[in-house]
Amino acid sequence: MKTLVIVEHNNDSIKQTTFSTITAASKISGDVHALVLGHNSNKAVGELKKCNHLKKVYLVDREDLSNPIAENFCDEIVNFLKDNDFTHIFTPSSTFGKNLSPKIATELDVQQVSDIINIIDDHTFERPIYAGNAIAKVKSNDSIKVVTVRSTCFEPCKLDSQVDVENVSSKLSANEVVGFVNYDESKSDRPELTSAKIIISGGRGLQNGENFKLLEGIADKLGAAMGASRAAVDAGFVPNDWQVGQTGKIVAPDLYIAVGISGAIQHIAGIKDSKFIVCINKDEEAPIFKFSDFGLVADLFEALPMLENKL
Amino acid sequence: MKALVCVKRVIDYNVRIRVKSDRSGVEKDNVKMSMNPFDEIAVEEAVRLKEKGIINEIIVLSIGSESSQETIRTGLAMGGDRGILVQSSDEDIDPLNIGKIIKNVCDKEKPDLIILGKQAIDDDCNQTGQILATLLKYPQATFASKVEKNSDNSLNVTREVDGGLETIRVNIPCVITTDLRLNEPRYASLPNIMKAKQKKIDVLDINELSLDLKKRVEILEVCDPPERKPGIVVPDVDSLIDKLKNEAKIL
């Protein structure tokens with residue numbers, strides 16, 4: 001058995017999701033390889049080379065691959081797989097992987113297994129369904145297993161190795177039916193939601209966007225990422241990409257602090273793998289208390305400044 | 001231009017999911033079923049594109065049991081023109097096979113735009129649009145939060161990706177999958193619900209498509225997720241900080 005990990009990166013650095021996917025791949029067999037598609041990605045490749053569990057890194061460098069257009073990436077991967085036999089193809093279950101991996105599976109005429117959270121054996125996996133309200137154990141009968149990995153469920157691999165990089169030449173050219181226009185990155189000095197150790201999120205209880213400042217001081221002191229419930233995002237308090245929950249980001253930090261969030265099932269689905277959940281809510285009947293390790297029944301406008309002072 | 005919108009009948013998103021005691025799946029008997037919320041957004045987007053004069057016909061397609069006709073009717077009441085049901089007694093079809101069925105319909109109908117929800121809230125696979133685009137060899141624009149027609153035969157689609165928004169240009173024909181904030185779906189008015197009853201739904205038998213739809217991924221069992229152990233309510237901010245320092249050892 002031999003596993004190929006499709007690497008998520010931005011040419012300058014490797015995304016955390018890749019490190020967790022490598023760990024997941026190592027549970028299939030010791031034969032784990034990684035494929036980087038990109039352009040001028042030496043810095044990212046330098047980081048990847050240090051990953052434990054990897055036997056080898058393959059690199060395809062083409063200007064057309066500087067942005068992850070799924071059609072161009074898929075063509076390149078299918079081409080690579082013509083000369084290289086793999087039994088498993090693992091991709092992070094991020095928007096990058098969700099966009100790309102089903103295309104690879106379709107080209108190979110196999111059924112992808114999405115968003116695995118546990119590996120039972122080389123063809124049996126566990127994955128959440130109904131927003132994590134049930135867990136399905138599934139068996140793939142296909143000859144090649146194409147899988148996306150929920151990165152919060154696997155520890156990132158260690159970075160104390162040194163593996164070889166093989167440059168793979170390519171004669172392919174970009175698809176003309178699709179083109180990159182621009183990428184509007186949300187700028188923030190805080191950690192990314194999906195990789196943060198601590199997250200503090202606000203809900204409708206914050207009442208307006210201005211009041212999210214009350215969370216900022218605490219986030220600064222804790223080095224935390226900031227998130228929000230769907231209600232807060234829909235009300236326009238904060239940007240879309242802050243949304244944590246079933247339809248937003250699935251997170252699993254060491255500590256999740258939910259402030260003024262009632263705890264709708266869709267929100268709980270996105271946070272329940274957190275190590276510790278803390279909630280601050282003035283309504284003691286709010287469902288969020290049932291899921292919290294520590295709950296504080298308090299008016300958030302009094303509790304937050306106090307918390308910030310005492311941290 | 002012609003749009004094909006694919007809709008799935010799923011357990012309503014407000015229903016609390018119950019796993020069957022024999023672990024074969026989740027309880028679906030006497031449970032409220034609705035159109036997958038992301039598919040409602042797909043129908044709404046098609047209707048808006050029609051209102052803007054960009055497309056002139058909307059076909060609403062579903063695959064499933066006879067009851068899926070209700071889901072198609074909902075789409076027709078929102079503004080779809082006609083429906084197609086690919087009827088199947090098996091409601092647990094692999095996404096790859098769903099993709100092959102939709103492609104079969106596309107080969108006959110030749111839609112310019114195919115719009116689907118980014119994922120169904122039952123199996124949470126998030127694959128069908130990508131599979132279909134690959135089978136059809138059309139470009140894909142997944143997780144769309146904005147769709148704009150260009151002056152040539154292409155669209156600019158803004159996509160919700162981790163860490164920001166990405167805009168790509170896709171030539172028509174193409175496949176679009178919808179994210180949450182693309183639009184807010186309308187409620188069908190009573191007159192439109194009545195009118196939808198007169199609209200045509202063609203029913204095709206899945207067995208007549210002569211496709212190889214063998215099952216690739218089997219569900220061995222379905223269980224409840226591990227429960228979190230019950231927590232405690234702390235009296236004040238000081239004791240909260242104390243718990244985080246001394247019990248959770250996080251601060």
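Predicted model: local features only at pLDDT ≥ 70, side-chain atom pairs only at ≥ 80, totals over all residues.
Contact requires C-beta atoms, placed from the backbone, within 7 Å. Helices (H or I, at least four residues) and strands (E, at least two) are DSSP runs numbered from the N terminus.

Residues are numbered from 1 along each chain as its sequence is written, and chains are lettered from A and ligands numbered from 1 in the order in which they are written. Local features need pLDDT of at least 70 and side-chain atom pairs pLDDT 80 or more, while totals for chains, interfaces and linings use all residues.

An open sheet of 10 strands with mixed pairing has the order β11(A)-β9(B)-β8(B)-β7(B)-β10(B)-β6(B)-β1(B)-β4(B)-β5(B)-β11(B). Its edge strands are β11 of chain A and β11 (201–205) of chain B. Strands pair if DSSP finds at least two bridges between them. Two pairings are listed below.

| Strands | Sense | Bridges | Opposite residues |
|---|---|---|---|
| β7(B), β10(B) | parallel | three bridges | B:A141 and B:I176 |

The contact between the chains takes 64 residues from chain A and 59 residues from chain B. On the side of chain B that touches chain A, β9(B) gives the most, with eight residues.

Terms used. Contact = placed C-beta atoms within 7 Å.
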